[in-house]
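Subject: Structure handover

Hello,

Here is the structure I promised to pass on. Please open it alongside this message. My notes come after it.

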Amino acid sequence: TTLANRIEEVNVVSLNFDFDKKLSENQTLYYGAEMQLNKVGSEGNDEDIRSGESVVAASRYPDGSSWNSFAVYGSYSNKLSEKVTFQGGLRYNLVTLDATFDTTFYPFPFAKADLTTGAITGSAGINYHPAEEWLLKLNFSTGFRAPNIDDVGKVFDSEPGSVIVPNPDLKSEYAYSGEFGISKLINHSLEVDLSIFYTLLDNAMVRRDFTLNGNDSIIYDGEMSKVQAIQNAASAWVYGFQADVEADLPDGFGLRANFNYQLGEEELDDGSTAPLRHVAPMYGGLHLTYARNRMQADLYGVFNGEISYDNLAPSEQDKAYIYALDGNGDPYSPSWYTLNIKLLYQVTDYMQLNIGLENITDQRYRPYSSGISASGRNFIASVRFSL
């Protein structure tokens, strides 16, 4: 019996500069720069469990590859009047990637992946207070994500019978987002916040069937496996709404609730659309809090909604091994909830005690698309000292 070992080590160096300048009583300029350097080490070996002998095997990522990011940015805030505030910003991103592929184990038709790409992104938003207890928010933004080593260079069995291979031709994806929100303060004790959002992804990076040297399947770990790769789709959409409620109750009690619902679609090669994999099911939480003197307590529940088989992304519908099975024997992601309690007590000015009991009802569940069952009932305790 063979144990496959894959070991990764990432060394990161980062440097940030942040500055702000008060231009006037109502105007502020924020600006800065940042740099992040990543070096990825990756190795593999196959170990005979009985004899303990190991032989060199293919690594998951190109060993010695690098991914570096550089950026400069600035943002501007202006309180135009007592009721209107404007905020806007620009950011320039430059990303480089360098990876050399080892063709000892897999006959890749390429030896290197070199990427140098940049983009200007920005945001603009207005907050409007028509009255003291009302707030209207309108925001627009653009986003940019360059491929990383995991996107470009991974060799990995994502599911039985399938293997993800490198794609050195992968391009950056771009996002264009808009959000509109309303907040209302009622009787100085109840705050309600509602917002809707929409995001368009252009050149979205998604996993799809691929070919390697003209073959749609290869032998991987001794099994014939369908070839897949991260590729650029034409476009994808994510949209939804969120709601937050916070109330101050008598005698130190409080109530907080949040709810988020979103949908996502991606355009397929034939022009049709399908659910987008990375969009989570609806989720939310409800918190009953209590604070008095040195003690704070939080009794709360967390829930996730169901994603039926028909609403799973096509890449997920074949993964019966990480999902539950519905009445038809098809994989789906069931809904779940947990009940939890946390307690904080400030013993002295220098010592703080934290205890908690999570998943009190000992629910068995798996977070969406994780393939790993979450913790059952568990107890947490910690003591914190500060000087």
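Predicted model: local features only at pLDDT ≥ 70, side-chain atom pairs only at ≥ 80, totals over all residues.

Aromatic pairs

The whole structure holds 12 aromatic pairs. One of them joins Phe-19 and Tyr-31, and this pair is stacked. The ring centres lie 5.4 Å apart, with 25° between the planes. Phe-19 sits in strand β1 (residues 2–22) and Tyr-31 in strand β2, so the contact ties together parts that are 12 residues apart in sequence. Phe-19 has a relative accessible area of 42%, so it counts as partly exposed. Tyr-31 is partly exposed too, at 37%.

Phe-101 and Phe-110 make another pair. Their planes meet at 70° and their centres are 5.1 Å apart, so this one is edge-to-face. The cut-off for buried is under 20%.

There is also an aromatic cluster. Phe-241, Phe-259, Tyr-261 and Phe-303 form it together.

Surface charge

Which residues gather in a patch of negative charge on the surface? They are Glu-9, Glu-43, Asp-63 and Asp-102. Glu-43 belongs to strand β2 (residues 27–48). Its relative accessibility is 47%, so Glu-43 counts as partly exposed.

Best wishes

Technical notes:
Residues numbered from 1 in each chain as written. Heavy atoms only, no water. Patch = residues over 30% accessible without salt bridge, like charges linked within 9 Å, V, L, I, M, F, W, Y side chains within 5 Å. Areas by Shrake-Rupley, 256 points an atom, 1.4 Å probe, with all protein chains shown as cover. Salt bridge = Lys/Arg side-chain N within 4 Å of Asp/Glu carboxyl O. Lys, Arg positive; Asp, Glu negative; His and termini not counted. Charge placed at Lys NZ, Arg CZ, Asp CG, Glu CD. Helix = DSSP H or I, 4+ residues; strand = E, 2+ residues; numbered from the N terminus. Buried < 20%, exposed > 50% of the residue type's maximum accessible area, 1.4 Å probe, protein only. Phe/Tyr/Trp six-rings, centres within 6.5 Å; stacked < 30°, edge-to-face > 60°.
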